[in-house]
Amino acid sequence: MPIRAILTDIEGTTSSISFVKDVLFPYARRALPGFVATRGKEPAVRKWLDTVATENGGMCEDGMVVEVLQGWIDEDRKHTALKALQGMIWADGYRSADFTAHIYPDAADALKSWHADGTPLYVYSSGSVPAQRLFFGHSDAGDLTPMFSGWFDTEMGGKREADSYRNIVAAMGLPAGDILFLSDVVEELDAAREAGLQTALIDRLEDYPKPRTGEATHGHTRVETFDRIQFD
Ligand SMILES: CSCCC(=O)C(=O)COP(=O)(O)O
Ligand SMILES: [Mg+2]
């Protein structure tokens, strides 16, 4: 089947899991108390702090909300409020050049080549859309944001739910079968396939030392690097 657009995940797909877990998450965890103390009154920040407080029985102290959020970082919860706040915190890290975002060279090269060939590129990640823009705007391969035609996060729904992909397909305005979704998580690929998208499992040895083969692929095309992805 022809591919007319690429939709890609970030962590474990374009970029290493260890960069997210060992650099981004600890940075956000450390900065969270100071961030809430200095910016907690800004409506865009307050909105998410109040969401967390309400969901946790209406806790009234910001210190308790910070503890909940730090616990969620430790658990790698993909909660929209946490992801939005993390994005705001990482903005400082990128701006002060504390780090650049990891991208595998094969992913950067393939994205550049597909873009040059006129294939529209989209991102769907649990990271908030602002965090995605920062990520690709300050990547190891430079500012890649101009290559992307659209950005989607969990505001479209969870990544393991088929309806999220239906929402994304509607926003992209293409037939689902013309879109190739790339991810390192088979449950995300299952949901995308249920919504009619084509799928490829990115099974990077750096992130998944034990290759997922046979039944573990759930029948999705498996590649270890982006340069092995082939389409007309
Ligand atoms: C782009 S923001 C950093 C990554 C992040 O917070 C995250 O949860 C990534 O999850 P993904 O859906 O890209 O696997
Ligand atoms: Mg991922």
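**View 1. Where domain 1 and domain 2 touch.** Eleven residues of domain 1 are in contact with twelve residues of domain 2 in this predicted model. Domain 1 is made of two stretches, 5-16 and 102-228, while domain 2 covers 20-95. Their C-alpha centres sit 25 Å apart. Together the two domains bury about 1000 Å², and 62% of that area is on carbon and sulfur atoms.

**View 2. Polar and charged links between the domains.** Two salt bridges are counted between domain 1 and domain 2. Here is a salt bridge to zoom in on: the side chains of E11 and K78 meet with 3.3 Å from N to O. Four residue pairs are in polar contact between the two domains. On the side of domain 1 that touches domain 2, there are three nonpolar, six polar and two charged residues.

**View 3. The surroundings of ligand 1.** Welcome to the ligand site, where 15 residues surround ligand 1. The closest are K78, K83, S125, S126 and K159. K78, seen above in its salt bridge with E11, also has a side-chain N or O atom 2.9 Å from an oxygen atom of ligand 1. For K83, a polar side-chain atom lies 2.8 Å from a ligand oxygen. The side chain of S125 places an N or O atom 2.7 Å from an oxygen atom of the ligand. Of the 400 Å² of accessible area that ligand 1 has on its own, the protein covers 98%.

Notes
Residues are numbered from 1 along each chain as its sequence is written. Chains are lettered from A and ligands numbered from 1 in the order in which they are written. This is a predicted model: local features need pLDDT of at least 70, side-chain atom pairs count only at pLDDT 80 or more; totals for chains, interfaces and linings use all residues. Side-chain values use heavy atoms; hydrogens and water are left out. Domain bounds come from an automatic or database domain assignment. Contact means heavy atoms within 4.5 Å. Buried area is the accessible area (1.4 Å probe) that two parts lose on being put together, summed over both. A salt bridge is a side-chain nitrogen of Lys or Arg within 4 Å of a carboxyl oxygen of Asp or Glu. A polar contact is a pair of N or O atoms within 3.5 Å; within protein, one must be able to donate a hydrogen and the other to accept it, and residues adjacent in sequence count only if both atoms are side-chain atoms. Ala, Val, Leu, Ile, Met, Phe, Trp, Tyr, Cys and Pro count as nonpolar, Asp, Glu, Lys and Arg as charged, and the others, Gly among them, as polar. A residue is near a molecule or strand if one of its heavy atoms lies within 4 Å of it. Accessible areas come from the Shrake-Rupley method with a 1.4 Å probe; for residues, only the protein chains shown count as cover.
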